[in-house]
Amino acid sequence: MITLALSKGRIFDETLPLLQAAGIEVLDDPEKTRKLILATNQPDVRVVLVRATDVPTYVQYGGADLGITGLDTLIEHGNEGLYQPLDLRIAKCRVSVAVREGYDYAAAVRQGARLRVATKYVAIARDFFAAKGVHVDLIKLYGSMELAPLTGLADAIVDLVSTGNTLKANQLVEVERIMDISSRLVVNQAALKLKREPMRQIIDAFGKALEATA
Ligand code: AMP
């Protein structure tokens, strides 16, 4: 049995065409079922639905053989025990620094002010500001980062941005682009050795599907 860990929503939806190209069809709609283990048309392939941030953990410890997750999540989790063979080029966005409209971020940085930065992405933010030589106090949040500058909790946020509409709707502006993000296929290294053939088949089929869309 090959187990693929996916999260509901954007990643699941954008993975479906790749699965289809690999000849795999998921038999349940995750938005309609309460099941967490979904069968596919291939009796030896199943999908498990987990939180996006848990995908690397499932794959690392062998709860799933493969998984699909954003580069942001992977960087925050660390790469231990995970083999990352493919950039699937789906769920694209970027990690950026944003501040309240009217907040002079450039001046704050120039003056060497100590910035309060709220984020879910503490590893990415820590490395980014350290490389810039900007002193920051990081405040870990788990969601609704946009609120932090509006309520005075933080001067800036580090968050995912796609269209920029969420920032705009909350009177925030993007002031730095830290990195581009897309979803990656991650593989459990032991599973790759123990289930070599079926694992290779899936990885190669994903690779071919990507080439076709390149
Ligand atoms: P947008 O308004 O299009 O810039 O989207 C920003 C919101 O959607 C933020 O709250 C992000 O956390 C979330 N978001 C955007 N792109 C992604 C992605 N690829 N994966 C996960 N969350 C995303």
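This is a predicted model: local features need pLDDT of at least 70, side-chain atom pairs count only at pLDDT 80 or more; totals for chains, interfaces and linings use all residues.
**Largest pocket**
- Its volume is about 910 Å³, the space filled by probe spheres set on grid points joined across faces, edges and corners.
- A pocket is an open set of points on a 1 Å grid over the protein atoms alone, where a 1.4 Å probe fits, with protein on both sides within 12 Å along at least five of seven lines; lining residues have an atom within 4 Å of a point.
- Of 37 lining residues, Asp72, Lys120, Tyr121, Asp159 and Leu160 are the closest to the centre.
- Helix α3 gives the largest share, 4 residues.
- The lining holds 12 nonpolar, 15 polar and 10 charged residues; Ala, Val, Leu, Ile, Met, Phe, Trp, Tyr, Cys and Pro count as nonpolar, Asp, Glu, Lys and Arg as charged, the others, Gly among them, as polar.

**Helix and strands**
- Helices (H or I, at least four residues) and strands (E, at least two) are DSSP runs, numbered from the N terminus.
- Helix α9 (residues 196-213) has 18 residues and should span 26 Å at 1.5 Å a residue, which agrees with its end C-alpha atoms, 26 Å apart; the expected span is 1.5 Å times one less than the number of residues.
- In strand β7 (residues 115-119), 4 of 5 residues are buried, meaning under 20% relative accessible area (1.4 Å probe, protein chains only).

Notes. Residues are numbered from 1 along each chain as its sequence is written. Side-chain values use heavy atoms; hydrogens and water are left out. Buried means under 20% relative accessible area, exposed over 50%, partly exposed in between (1.4 Å probe, protein chains only).
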